[in-house]
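Colleague: I've just opened this one and have a few minutes. Can you walk me through it?

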Amino acid sequence: MPIDVSAALAAEPRRAEIGWDHKDVQLYHLGLGAGTPATDPDELRYTLESRLQVLPCFATVAGAGTAAFGGMGAPGIDVDLAAVLHGGQTVRVHRPIPVTGRAVQTSKVAAVYDKGKAAVIVLRTEASDDDGPLWTNDAEIFVRGEGGFGGERGPSDRLTVPERAPDRTVERAIREDQALLYRLSGDWNPLHADPAFAKLAGFDRPILHGLCTYGMTLKAVTDTLLEGDVSRITAYRTRFAGVVFPGETLRIRMWTGDGRVQVTVTAVERDDAPVLADTLVEHS
């Protein structure tokens with residue numbers, strides 16, 4: 001069997017030293033669409049080094065984008081990458097991410113679940129610096145055709161969409177060149193840039209990175225409901241429910257609760273086709 005669950009869970013974590021500075025943070029934020037309008041004071045906190053703050057989802061690209069799939073080379077994991085889908089992502093920050101920093105990042109397989117026709121591998125990366133823990137990333141990786149091995153099915157993180165109208169709804173346009181800019185933060189998959197490769201994967205044209213939509217959504221929630229203060233965010237999770245294309249528009253619906261914002265994201269031009277689901281921002 002390609003996935004040896006016992007070996008994968010027992011493997012020693014992979015360890016890497018990573019670093020970043022204000023240029024990495026600025027490039028990431030620009031890849032999310034920050035800086036429009038360029039002189040807007042609210043946008044300068046994402047783009048100008050003298051005012052810079054760091055969105056917690058930067059943790060998914062710190063160290064040149066290795067966080068999401070850092071454990072795929074672990075012992076016991078031998079799968080066809082063509083059968084792999086990024087199913088969900090959770091980031092939990094233990095304190096605000098510094099604009100410039102160095103950290104030790106460890107990656108391991110935290111869980112393997114049996115969904116019947118597919119397996120779900122939870123890849124966990126944790127980063128710490130000299131002052132202690134910084135963040136924990138969990139990437140849920142679906143591997144089609146690798147289920148049915150008799151393992152635990154795993155928890156269900158599905159959220160029921162509130163029956164009432166959203167408290168806030170905003171729309172965010174995706175620039176035609178946005179995937180080309182976002183990929184400079186570390187995800188070089190040609191699916192997001194090469195039309196010929198996209199056609200081989202079954203798409204008419206390149207699609208936007210799921211983690212770019214993930215970041216755009218957190219920025220929208222932060223700016224709309226958290227007064228632009230990234231330090232209030234403690235955790236953020238989502239399930240990737242569908243693709244979105246550069247040039248389209250995201251419709252982001254938000255429902256507020258006690259220290260939580262529940263979110264859905266859809267593609268406006270395709271009759272509100274789902275893009276992100278089961279999305280939750282936890283905040284102070």
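Modeller: Helices (H or I, at least four residues) and strands (E, at least two) are DSSP runs, numbered from the N terminus. This is a predicted model, where local features need pLDDT of at least 70 and side-chain atom pairs count only at pLDDT 80 or more, while totals for chains, interfaces and linings use all residues. Residues are numbered from 1 along each chain as its sequence is written, and side-chain values use heavy atoms, with hydrogens and water left out.

Colleague: Ok. How many helices and strands are in the chain?

Modeller: The chain has 6 helices and 10 strands. Its C-alpha trace spans about 55 × 50 × 45 Å along the principal axes.

Colleague: Let's zoom in on α2. Which of its residues are buried?

Modeller: The helix covers residues 22–31, and Val 25, Gln 26, Tyr 28, His 29 and Gly 31 are buried there. Those buried residues pack against β1 (14–20), α3 (41–47), α4 (178–182) and α6 (210–225).

Colleague: What caps the N-terminal end of α2?

Modeller: Asp 21 does, with a side-chain oxygen 3.0 Å from the backbone nitrogen of Lys 23. After the helix comes Gly 33, with a positive phi near 100°.

Colleague: Back to His 29: why does it count as buried?

Modeller: Because its relative accessible area is 0%. Leaving aside neighbours within four places in sequence, His 29 is in contact with Ala 34, Tyr 46, Leu 52, Gln 53, Val 54 and Leu 55.

Colleague: Switching to rings. How many aromatic pairs are there?

Modeller: The count comes to 6. Rings of Phe, Tyr and Trp (its six-membered ring) pair if their centres lie within 6.5 Å; planes under 30 degrees apart count as stacked, over 60 as edge-to-face and the rest as tilted. One of the pairs is Tyr 28 with Phe 58, edge-to-face at 5.7 Å centre to centre, with 65° between the planes. This pair links distant parts of the chain, with Tyr 28 in α2 and Phe 58 in the loop between α3 and β2 (84–93), 30 residues apart.

Colleague: Are those two buried or exposed?

Modeller: Tyr 28 counts as buried at 0% relative accessibility, and so does Phe 58 at 2%. Another pair is Tyr 214 with Tyr 236, which is stacked: 4.1 Å centre to centre and 20° between the planes. Here Tyr 214 sits in helix α6 and Tyr 236 in strand β7 (residues 233–240), 22 residues apart.

Colleague: Which residues form the aromatic cluster?

Modeller: Trp 20, Tyr 28, Phe 58, Trp 135 and Tyr 182 form one cluster.

Colleague: What lies over the face of Phe 245?

Modeller: Arg 205, at 4.2 Å from the ring centre. The rule for a charge over a ring is NZ of Lys or CZ of Arg within 6 Å of the ring centre and within 35 degrees of the ring normal.

Colleague: Which residues have a positive phi without being a glycine?

Modeller: Glu 227 has a phi of about 55°, and Asp 271 also has a phi of about 55°. Glu 227 is in the loop between α6 and β7 and is exposed, with a relative accessible area of 67%. Asp 271 is in the loop between β9 (260–267) and β10 (273–283) and counts as exposed at 74%.

Note on methods
Buried means under 20% relative accessible area, exposed over 50%, partly exposed in between (1.4 Å probe, protein chains only). Contact means heavy atoms within 4.5 Å. A polar contact is a pair of N or O atoms within 3.5 Å; within protein, one must be able to donate a hydrogen and the other to accept it, and residues adjacent in sequence count only if both atoms are side-chain atoms.
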